[in-house]
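Good morning. I will take a few minutes to walk through one structure, chain by chain. Please have the viewer open.

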Amino acid sequence: MKKILGIALGIVTSIGGFLDVGSIATSAQAGAAFGYSLLWAVLLGTICVIFLVEMSGRFSIVSGHTIVDAIRKRFGFAGFIVPFAASLLVNLLVLASELGGICVALQLLTGIRFQVWAIPVALAVWLLLWLGTFDVVEDGTALLGLVTLCFLVAVFTLGPEPRELAAGFVPRLPGEEHAHYLFLAVSIIGATIAPYLFLFYSSGAIEDKWDKSYITPNRYIATLGMSFGAIISMAVIVVAALALKPEGIRVEEYEQAALMLVPAFGRWGFYLFVASLAIACFGAALELSLASAYSVSQAFGWNWGEDLEPRSAARFSSAYTIFIALAALIVLSGLNPMKLTLFSMAITAVILPLTALPFLVLMNDARYMGEHVNSHFSNIVVLLIVLLAAILAVVAIPLEIIGSK
Amino acid sequence: MKNIDLVRDVLDTQVLDREQRPLGKVDGIALELREGSPPRVAYLEVDGVTAWRRLGERYARWAAKLARHWQREGHPFRFTWRQVRDFGIDIEIDVDAERAAPFDLEHWLREKLIRRIPGGR
Amino acid sequence: MSRVIALERFIGHIVRDAEGRKLGHLHEVRVRRQGDDLVVREYVVGSAGLLERFSLAQFAREVVFIFGIGRMHGYVVPWDSLEFPEKGELRCTRRAADLQRFSAERPAGK
């Protein structure tokens, strides 16, 4: 019975935690500009992340290690340092995007410029980590994150044509704006796969002391949690396609995206969007900060854990404190939050192989996984999607930069 | 287990103290080369500067300059195989982490954190 | 006369045989327990070089190994046949032909 409750909670936290600034921004732009035709990108990213998250849980259960700890041990300090540094840098950009998302939500609500909110928002995120425990952080924000189900409700209200929807799952270049289409595809995949997600999941499995009896529950949580979360992401594309595209509204700023729930909910639609944006980003910001502190602590062998009071884990706590402070500075600098988000997502796709390939090697190493090594099928799926995303990103990013000049 | 692979199973492995608390990683292994006898493991090191030195002397110098702010005596922290109590996924040694040199950074940060920020307890 | 060296700084370094031919990279140091001590039995010198610094090519190679493509070759060097000079490359005092070889489908790791 306890296991079933555990699985249910795991799924719920995955749904609530799936949507973040990356998914919202990329999906909104995709729907407004290209209708349903980028739904396949969410599907592709989700398939990959289901495999990665399941592997991440299975790895921690069987090996007793977290992924970061094991990558250093398997490849040595010199071998792991570059992927490690790269992933921290990308985490920082994404965290700045998440904080930016909360600040923009507040700007939409109050009219006060987003930079002004940078320090109060960063302080709020930091305070919750400083005073809270792992469960409070995880469960609290994930349950609040269920407000994003409003996008799903909106889809049912607006009633898309099923056959047109289905066509969106087949990749096809649009008539024009090829570069932008590819760039968005890559950003969506980057937003969906998000390395910090499966690294965080592995730390969580250790924190919650998952043993071998969790191997099957882990599979359910990974598959169902990520699938349901992906459905919400897709819902954002569909709603944007139905509400914004016919009006010719392009999402260049969050202000335009905020209109997308109005046709379904009237005036309340605006507030639902603002709440969804703020809550989803807040949850992601907490997770990202923790994930980064986990990474650093596990890489250098420090004591770590959210349940530890800051005094007992001073290095761990300082790590997330510094991280949040740096991210706040980026927001303060006034960089366009929407642009920052889209580029960090695309860069995530580029960096993905650096984290995923070593992880894949670990998943096939019998010394860590015993009889639970990966199947060839899992290896091929992850390898193909990760490489595809990286190659597309390397092509699409320069094109996008040239295109927007 | 009679045989041990140093690179695979000892280097970069997590070190725990006698209370199972994380102490650090095995950043270095000192080998004593002897005439007429096989080399023996003299000691193992847990030290950030040692780890960075594996990338190059330049990195070690930079790390040392930074570490001087909080490092007291006892650096680099070394232990011998005799002090190892358990060896598996991690290496458990008969030492108290709170009193060992790798915790200097932890202590230094506690000073700065507790003194300045409420709620750190 | 004994000398203490920092072993971690030599991992991944090139090893040459008595005739100066490149044997490979220092991959592993196998030790056995002798009382409270650990003494070296042999060194494993293999074909890959990830260990010294980050290498995307080497990660790719390990991934390819997973699919059974490619093999790792190397030599086993007894404890009395490897020299750690103060300067220069690691030297094996025997010729490659006199060393025990190994060939593995998967790398020994690190």
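This is a predicted model: local features need pLDDT of at least 70, side-chain atom pairs count only at pLDDT 80 or more; totals for chains, interfaces and linings use all residues.

Chain A first. What is it built from? Chain A has 18 helices and 0 strands. Its C-alpha atoms fill a box of roughly 55 × 50 × 45 Å along the principal axes. Is that chain compact or extended? A compact globule of 405 residues would have a radius of gyration near 22 Å, and chain A has 20 Å, so the value agrees with a compact globule. As for burial, 60% of the 405 residues of chain A count as buried. Now take the contacts in chain A between residues at least 6 apart in sequence: 85% of them join residues at least 24 apart.

Next, chain B. Here 4 strands make an open sheet, with mixed pairing, in the order β3-β2-β8-β7. Which strands are at the edges? They are β3 (22–25) and β7 (84–87) of chain B, each of which pairs on one side only. From one strand to the next, the twist averages 25 degrees. To look at one pair in detail, β7(B) runs antiparallel to β8 (residues 91–93) of chain B, with 3 bridges between them. Within that pair, B:F87 has B:I91 in β8(B) as its bridge partner. As a reminder, strands of a sheet pair through backbone hydrogen bonds, either parallel or antiparallel.

Now the place where chains B and C touch. How many residues are involved? On chain B there are 25, in contact with 28 residues of chain C. On the chain B side, β1 (3–5), α1 (6–10), β4 (28–34) and β5 (37–46) each supply at least two residues. Of the elements on that side, β4(B) gives the most, with 7 residues. By type, the chain B side divides into 13 nonpolar, 2 polar and 10 charged residues.

Last, a pair within chain C. Strand β5 (residues 72–78) of chain C is joined to β8(C) by 5 bridges, and the two run antiparallel. In that pair, C:H73 stands opposite C:S103 of β8(C). Is β8(C) well covered or hardly covered? Hardly: of the 5 residues in β8 (residues 100–104) of chain C, the count of buried ones is 0.

That is the end of the tour.

Methods: Residues are numbered from 1 along each chain as its sequence is written. Chains are lettered from A and ligands numbered from 1 in the order in which they are written. Two residues are in contact if their C-beta atoms, placed from the backbone, lie within 7 Å. Ala, Val, Leu, Ile, Met, Phe, Trp, Tyr, Cys and Pro count as nonpolar, Asp, Glu, Lys and Arg as charged, and the others, Gly among them, as polar. A residue is buried if 20 or more other C-beta atoms lie within 10 Å of its own, exposed if 12 or fewer, and partly exposed in between; C-beta atoms are placed from the backbone. Two strands pair if DSSP finds at least two bridges between them. The radius of gyration is taken over C-alpha atoms; the globule rule is 2.2 Å times the number of residues to the power 0.38. Axes are lines fitted to C-alpha atoms, for helices over the stretch in contact, and angles run from 0 to 180 degrees between N-to-C directions.
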